[in-house]
Amino acid sequence: MNDLKRELAPITEEAWSEIEEEAQHTLRSYLAARKLVDFRGPEGWDYSAVNLGRYRKEKEGPVAGVEAHTRIVRPMVELKVPFELSIDELDSVNRGLEDPDRPGS
């Protein structure tokens, strides 16, 4: 899986390492609440809905004497947070910058 499309970005391996480290740190803090709710996964990009175990009876079946039922599912929600990152900051990581979040560091 290549979600970050690395081959399209003019970013060095050192800068990718810094991006990954920051992403892990951020995700850990934002997803800490996940322990309070039921969670199953990750299921992957092909998983599109959760079966709720219920169905809805349709008004008409395909032919007389046959009932039709539609399963009720909960569609998956894809959350994205757009961000911008200065190429200068990435270059600074390559020159040894340790904390790109802190201005003037």
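1. Glu-14 touches Val-93 and Asn-94 (heavy atoms within 4.5 Å), leaving aside residues up to four places away in sequence. Glu-14 and Asn-94 sit 80 residues apart in sequence, yet 6.2 Å apart in space, C-alpha to C-alpha. Glu-14 itself lies in helix 1.

2. A word on the source: this is a predicted model, where local features need pLDDT of at least 70, side-chain atom pairs count only at pLDDT 80 or more, and totals for chains, interfaces and linings use all residues. Residues are numbered from 1 along each chain as its sequence is written, and side-chain values use heavy atoms, with hydrogens and water left out.

3. Now the helix pair. The axes of helix 1 (residues 13-30) and helix 2 (residues 87-94) come within 8 Å and cross at roughly 105°, so the two helices are roughly perpendicular to each other (65 to 115 degrees). Helix 1 brings Glu-14, Ala-15, Glu-18 and Ile-19 to the contact, and helix 2 brings Leu-90, Val-93 and Asn-94.

4. Which residues of helix 2 are buried? They are Leu-90, Ser-92 and Val-93, buried being under 20% relative accessible area with a 1.4 Å probe, protein chains only. Seen down the axis of helix 2, the buried residues fall within an arc of 155°, so they line one face of the helix; the arc is taken from the directions from the helix axis to the C-beta atoms. The buried residues of helix 2 pack against helix 1.

Conventions: Axes fitted to C-alpha atoms, helices over the stretch in contact; angles between N-to-C directions. Helix = DSSP H or I, 4+ residues; strand = E, 2+ residues; numbered from the N terminus. Parallel < 35°, antiparallel > 145°, perpendicular 65-115°, else oblique. Buried < 20%, exposed > 50% of the residue type's maximum accessible area, 1.4 Å probe, protein only.
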